[in-house]
Amino acid sequence: MNVQTSRSPQSGTKMPDHGVCGCVPGTKTLNLALQGGGAHGAFTWGVLDRLLEDDRLSFEGIAATSAGAMNAVVLAYGLAAGGREGAKKALANFWRRISHAAAFGILQPSEFDRAMKDWSLDHSPMFLWFDVVSRLFSPYQFNPYNVNPLRRVLEQSVDFDVLRNAACPVQVFLGATNVRTGKIKVFDNAQLTSDAVLASACLPFLFQAVEIDGESYWDGGYMGNPVIFPLIYSCATRDVLIVHINPLERKEVPRTSSEIMSRINEISFNSSLMREMRAIAFVSDLIDKDVDNKLDLKRMLIHGIAADDVMLELGARSKLNADWAFLTMLRDTGRERAGLWLQENFENIGKETTIDIQARFL
């Protein structure tokens, strides 16, 4: 990836509307990078919910994939329609609708799971049956009518005309994987539709590829989870806060087939982010060595919020568990981690990177 860029954003870049965001003087601006991970995206909901309570923050751009893409469009719509409180309400309503839709589906934890607070779905007979079916048949076979309950939830939660309007207070960039070319496709505000979000979240073993303008798309996590480069090229803000869902490291080697598949997915869905972090680290090193300031390079300041200790205890199957108790547990964890991050790092926003890129990514 070529990360050389001018110090100014591209022409036409929309700066955040502080009136809409409800910010105070001295506000610090962040770009958000939201990972995908199914129901684990409720952790990101909690992070965003807590960040929205801090009126010292504003947001310029959001790059997102899969569940992160859903959080992104709901956040942007909420901000545009009702400011910070509107965004908090929109996110809460969206995740409530997700849980309500799942309650009428087959991917539900058993009563034993609920009692034991085991969110893995390992004891759910219907899930185990569905898991076998999805391994034997493609979604074109077991879901020939291409029913996707997420479409209705999205269309109930977001007015996409508002996001495509020039007055939208944040820039949104959603990543999807082009099935034919294998390249990343980034949908910006002008291209935002429910199809674009569903394309970003299209797991090929569960859903038919989403067709947009004659091209077919799968989950963006395969090529960018999420993509960072649109925030570099299209936003003035240098600070990028990554909300991590997928653990980078695991101490134990997976042994069972489900554990192996889970780890393969984690590695593949983190690989593109690690490559971009390597490029950012490389450019930062060039800037540090450019004592005469001859290079026209933009130093990016990278931050991160994660809960690897919690995510490591959750099986990959729990990403399909939209039980309300599970979602709110993840939300509360996200709020807690975001609060701790603000306490420890707010003063460093706009000044320096607050994670060790070398240790975490390289």
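Trainee: How many disulfides does a search of the whole structure find, and what makes a pair of cysteines a disulfide?

Mentor: The search finds zero disulfides. The term requires a pair of cysteine sulfur atoms within 2.5 Å. In general, a disulfide is a covalent bond between the sulfur atoms of two cysteines. This is a predicted model, in which local features need pLDDT of at least 70 and side-chain atom pairs count only at pLDDT 80 or more, while totals for chains, interfaces and linings use all residues. Residues are numbered from 1 along each chain as its sequence is written, and side-chain values use heavy atoms, with hydrogens and water left out.

Trainee: Why is Cys 168 called buried?

Mentor: Its relative accessible area is 3%, and buried means under 20%, exposed over 50% and partly exposed in between (1.4 Å probe, protein chains only). Cys 168 is therefore buried. Cys 235, at 0%, is buried as well. Of the 362 residues of the chain, 53% count as buried.

Trainee: Which residues of α3 meet α13?

Mentor: Lys 88, Trp 95, Arg 96 and Ser 99 of α3 meet Trp 324, Leu 327 and Arg 335 of α13, contact meaning heavy atoms within 4.5 Å. This contact has three nonpolar, one polar and three charged residues. Ala, Val, Leu, Ile, Met, Phe, Trp, Tyr, Cys and Pro count as nonpolar, Asp, Glu, Lys and Arg as charged, and the others, Gly among them, as polar. The C-alpha atoms of Arg 96 and Leu 327 are separated by 8.9 Å, although the two residues are 231 apart along the chain.

Trainee: Why are α3 and α7 called roughly antiparallel?

Mentor: The axes of α3 (residues 67–103) and α7 (residues 149–157) come within 9 Å and cross at roughly 150°. This angle is over 145, so the two helices are roughly antiparallel.

Trainee: What makes Phe 346 buried?

Mentor: Phe 346 has a relative accessible area of 7%, which is under 20%, so it is buried. Phe 346 is found in the loop between α13 (324–345) and α14 (357–361). Not counting residues up to four places away in sequence, Phe 346 touches Lys 28, Arg 56, Leu 57 and Trp 341.

Trainee: Are Ser 66 and Asp 213 buried or exposed?

Mentor: Ser 66, at 9%, counts as buried, whereas Asp 213, at 78%, is exposed. Ser 66 has a positive phi of about 55° although it is not a glycine. Asp 213 has a positive phi of about 50°, and it is not a glycine either.

Definitions and conventions: Axes fitted to C-alpha atoms, helices over the stretch in contact; angles between N-to-C directions. Helix = DSSP H or I, 4+ residues; strand = E, 2+ residues; numbered from the N terminus. Parallel < 35°, antiparallel > 145°, perpendicular 65-115°, else oblique.
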